[in-house]
Amino acid sequence: MILAFTVSFFVVLAGFVDTLQVFSEEFNSTTLRCPPFASVGLEMYLVVKNYENKMFTCYNKTTPCTIVGKENSVEFNNSGSYFTINLSSLTLKRSLRAVTCVFIDGEKMSNYTDDVSFIAKAEGVKCYDTQLTNNNEHISVTCMTSKIYPEAHCNFGVYGHVSYQHFQYSNTVDYYQSNCTWTSSLNNFQVGNNTLDVSFYPNITNDTIFATNLMLSFQFFLPNILLSNECFNGPNIVHGYIKPGATAVCVCYLDNTGYPPASLKWTNSSNLNLGTFLNNSATSLTIEPFSSKETYNCTLSTNLFNGGLSIPYKINYAEGPTSCSIELKNTSQAIWKICKNTFINWTIICQVNQTDAIPGIKAKIGVNKQYSILLDSQNFANFYQVRNEINVAEAGDYSIGCQVQNLYFPDVKVECSYTPLQVMAPPILSPIIQIQSTDHDTVIENKVYNLECSAYGGKPNVFNFTLSCGNIELTQHGNILKSAVTFTRNMTGQNCTCTAQHITGCYENNTSTLKLNILYTAAIIYLNVTSSVIEKGNYAQFYCKADGNPEPNISIVKDNEIIAQNSSGYILFLNKSMSCKDGGNYICQANNGIDLNIYKKQVILFVRCPLQFSSDNSLKNFSLQEGNTFLYNFTIYGYPDPDKFTISKFNQGKNNVEVTMSSLETPFLSIELKIARLTHTDFDNYTLLIFQNGSQPLLFSFSISEARDSAFNVAAVVGGCIAACLAVIIIIAICYVKRKYEINLICKKKDSEQTTKETNNYSELSISQGNQDRHNYELPMSNTNVPTPETNAQYVNVKEKPKYDSAYEEIDNI
């Protein structure tokens, strides 16, 4: 067989493998190798015919071969054992006929003749990835060559079945594309790296020296077997222990599928298959309650001859506890006593038999159902023991208990308790003494209160109380003392003492004291002023004294306005310079919050001062119509009050003006001027004089004019103003003469001077006084010349309007 590499071609003399071999590279020279020469001098020649039966001859190594149409084409190698002939012009076909090798040995001649075929060595050899087949029991791989002649033969180096596919095609000469598929059992392989030595060679001879070789590597690996966390810490499993009476589940799984894919199964110690397949890489083992304590195995298997693994899983069952016991270390005492700054120490021991609790216990030790944190146990003989130190500093009934639970399963538990214990102790706090339900020590005099003395805490309760409060002495058995008591203000500052007794005899803070503070309402004890009548500009001194508990707030009020008040103390002193308007009621008042009442005393103070108007009362002009009512009010102040009024009319005629005086708040007086129904004689200029105990009189001038058209009204107003001015001048002159000669020229007695009034320009008017009369002194008044309104008269309200000019005022008619 002749092997061709790359584009090299070789020829084979079929049937004479041991005698004649021909090598050739395509389109190049061909080497013909004859059997070894017997000696170096042996003659040899070659006779070759091509497919056209043209003859080529060649002689011994010293004589060149002659080839038709081509010369010098044969060369011998140095050893002379073979020679080369150029057949490049003959390789367009796949065969040569009658290739002969002739040997001449003296007279003996040997020759070997046969047809020669040209072959192509495999090119473009490659293999695809290995594949698992037949339910992962076999491995298969397909390799191919893109160019070979004739068809390929494949060798994979490992036992198996090979199937072929060949596809012929032409490219100047004929070639084949060959595919080889090899299949072998996985039992022929092991876990790890595996190799196949693949050879491709022309399917003419089994001589693999003409093969194209390729090494194919692939790997088999097994996954890891794992047990799920639930096998050790899951529902009903903690640290590998299964809860008593519970069903548990353990899942065995692979961390990957492996190659080839592995399968899993659970088996017991008898190698019985158990469990349930979840998928190709996991299986579940269900462990029923109280199953045998054996070891299970999760096994991995493949078709590889060394492809098996297993992992053990040992069953552990937790147990108990089902009972426990509790005791106090070194004592069986049931009644205890503690006093101030002492306490009782109990060492409590809770234990369980070790065979009754697997794998162990934890416990809580409590007093009165108040349990400690979970405590670890210690091994003592054949018991699990839990100890806890408890300090008791308060009296009461105590129950000691123990809650024991399985080390890994808290809901598997049992409780046990100890004989009840009693601890006696006096109260920690002093007795409480209080009045009614208040938390302070103040009460109001002359009211009935419940005085209470009590002590809380301790075991048992205090059994006796003694109460001392001023002249009150009380004793009572039990843990509380109550009594109805009335307190008086003279008990303020005294102490109420409560003393309690306890059976232990060590109640140290057994006495409490309450200092009394009796509250009573405020009262004005004394109010004084320097004098009831003060000259204008002088000082008035006010002195007010009050009592009450708590300390009252004292103030002096005038006209609803506080003018002085104390910040502390029971006395208020005020020194005030008095003006004309400062006369009036002065009130001293006090309150300390005990009730809502304000307690007060008052004085009336007068300031001697000439009469004055409260506001501007210059000449007033009123324009009205006949039949209207004239009504005007103004305010004056001063002290003493007026003793006489006179009113003058400029023109002669009846004077119908009615004057009324009413008292307001001291020192103010209200003066009202009124004509019930105006007649044509009432339209005139008037002057009112107000006399005060011989002092210069207070003068008020006004005019009443008849309202007509505008031009007429203006003229009337101007005329009225001129008349009023003349009247004022006359009155001033009269007053001056009166003051100088101390005679009264205006005010005449009403009976003897009636005729004179009618003939003169001045007339005296009767004055009616209001209901209020300060100091009850009489004013000389006269009711003459006051007209009575007619039944058909029209009454109007008159109010002063803004002036349009200096000589004119408009009055609304309603």
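**Disulfides and a surface patch**

Cys324 is buried, and so is Cys416; buried means under 20% relative accessible area, exposed means over 50%, and partly exposed lies in between (1.4 Å probe, protein chains only). The model is predicted, so local features need pLDDT of at least 70 and side-chain atom pairs count only at pLDDT 80 or more, while totals for chains, interfaces and linings use all residues. Residues are numbered from 1 along each chain as its sequence is written, and side-chain values use heavy atoms, with hydrogens and water left out.

**Disulfides in general**

- A disulfide is a covalent bond between the sulfur atoms of two cysteines.
- Here a disulfide is counted when a pair of cysteine sulfur atoms lies within 2.5 Å.
- Searching the whole structure gives eleven disulfides.

**Cys324 and Cys416**

- A disulfide joins Cys324 to Cys416, with an S to S distance of 2.2 Å.
- This pair links distant parts of the chain, 92 residues apart: Cys324 is in the loop between strand E30 (316-317) and strand E31 (325-328), and Cys416 is in strand E41 (residues 413-417).
- Strands (E, at least two residues) and helices (H or I, at least four) are DSSP runs, numbered from the N terminus.
- The link of Cys324 and Cys416 is left-handed, with -125° about the S-S bond.

**Cys231 and Cys250**

- Cys231 is joined to Cys250 by a disulfide (S to S 1.8 Å).
- The link of Cys231 and Cys250 is right-handed, with 95° about the S-S bond.
- Cys231 sits in the loop between strand E20 (225-227) and strand E21 (237-238), and Cys250 in strand E23 (residues 248-254); the pair links distant parts of the chain, 19 residues apart.
- Cys231 and Cys250 are both buried.

**Cys580 and Cys609**

- Between Cys580 and Cys609 there is a disulfide with an S to S distance of 1.7 Å.
- This disulfide is right-handed because the torsion about the S-S bond of Cys580 and Cys609 is about 65°.
- Cys580 lies in the loop between strand E56 (571-577) and strand E57 (584-591), while Cys609 lies in strand E58 (residues 599-613), 29 residues apart.
- Cys580 is buried because its relative accessible area is 7%.
- Cys609 has 2% relative accessibility, so Cys609 counts as buried.

**Nonpolar patch**

- Ile432, Tyr456 and Ile480 form a nonpolar patch on the surface, with about 270 Å² of accessible area together.
- Ile432 belongs to strand E43 (residues 432-435).
- Ile432 is partly exposed because its relative accessible area is 37%.
- Patches are made of residues with over 30% relative accessible area and no salt bridge; like charges are joined within 9 Å, and nonpolar side chains (Val, Leu, Ile, Met, Phe, Trp, Tyr) within 5 Å.
- A salt bridge is a side-chain nitrogen of Lys or Arg within 4 Å of a carboxyl oxygen of Asp or Glu.
- Accessible areas come from the Shrake-Rupley method with a 1.4 Å probe, and for residues only the protein chains shown count as cover.
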